[in-house]
Amino acid sequence: MTPSPRHSSLDPVQIEGWRWQPFLDDAVGKLQPFDPQPYGVPDTFLLKQGSTGSKARPVPVTTATWACGTAKLRQVRSACVEAGAAASVLNFVINPSCRYDLPFFGAELVTLPNGHLLALDLQPVDKSDPEHTEPVWERLMPIFERWRQELPDGGPIPEEAQPYFSPAFLWTRLPLGEEGDRLIETVIRSAFQEYLELYLKLVEEAKPVSDARAASLLAGQHRYTTYRAEKDPARGMLTRFYGADWTEAYIHDVLFDLR
Ligand code: DBV
């Protein structure tokens, strides 16, 4: 079934057989009290069809982008990729306004032929600043401790990426199959909801900061988005599906678009 055309970043994403739909629906539902406004996303990124696999056995690939802005959140965006057995991805990032002392919300739920890769965190804008980190980590660590004991560790992450993760980075790799599915439906779903609920509580409580503070937060946000755009682990996959031009524009002009 061809997904219905999308004209606004707020139009619901409906991709047949996309396993991460309930997670996106959770997130969109929890954002409603914040009066989400449309966010400018060119049509080609709102919904993009393509194919992978071989000429003999082509596999349809669908990528959709849901996005909004709110009073305190510069950009909330979700990259939704469905390519059957080849890949199924939800990459959901909340970029706060630099006027508020808030971390990023980052969720990356990835299913590939060799297993599930699942990452969840309230990512620090400046990991070396306790004024920025402590109020978040003291509330996030108990949630992290609760769920991490149910999951195998995801293994080492690139050294250069470590400044962008908190000590409560919930990171795991799970095998395909029943056990993996069960842990995703129970542990990962609950952790996703609790991390997002805490994040949105922090947003509700956040007060505007001084110009000087906003400037230093903005500098930290630039370091994060520049790193993520340069080192995006999905670059290879998206380039295979849609070519380099579309992929570079998607990464720099939509997914990590802080200027
Ligand atoms: N990652 C993205 C976007 C994706 C995406 C926009 C649209 O930033 C998917 C999709 N992540 C994605 C895929 C893979 C990973 C891997 C497809 C698998 C790549 C592969 O194996 O071929 C967290 N994502 C990863 C990994 C980590 C993260 C640690 C495994 C290591 C790696 O392959 O690099 N989130 C990711 C990350 C940062 C972050 C690296 C850095 C700050 O915030």
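How many helices and strands are there in the protein chain? There are 7 helices and 8 strands, counted as DSSP runs from the N terminus, with at least four residues of H or I for a helix and at least two of E for a strand. The chain is as compact as a globular protein of its length, because its radius of gyration, 18 Å, is close to the 18 Å that the globule rule gives for 259 residues. That radius is taken over C-alpha atoms, and the rule is 2.2 Å times the number of residues to the power 0.38.

A quick word on what we're looking at. This is a predicted model, where local features need pLDDT of at least 70, side-chain atom pairs count only at pLDDT 80 or more, and totals for chains, interfaces and linings use all residues. Residues are numbered from 1 along each chain as its sequence is written, and side-chain values use heavy atoms, leaving out hydrogens and water.

Okay, on to the ligand. Glu108 has a polar side-chain atom 2.5 Å from a ligand nitrogen. For Gln123, a polar side-chain atom sits 2.8 Å from a ligand oxygen, and an N or O atom in the Asn91 side chain is 3.4 Å from an oxygen of the ligand. The cut-off for a polar contact is a pair of N or O atoms within 3.5 Å.

Technical notes: Polar contact = N/O pair within 3.5 Å; in protein donor to acceptor, adjacent residues only side chain to side chain.
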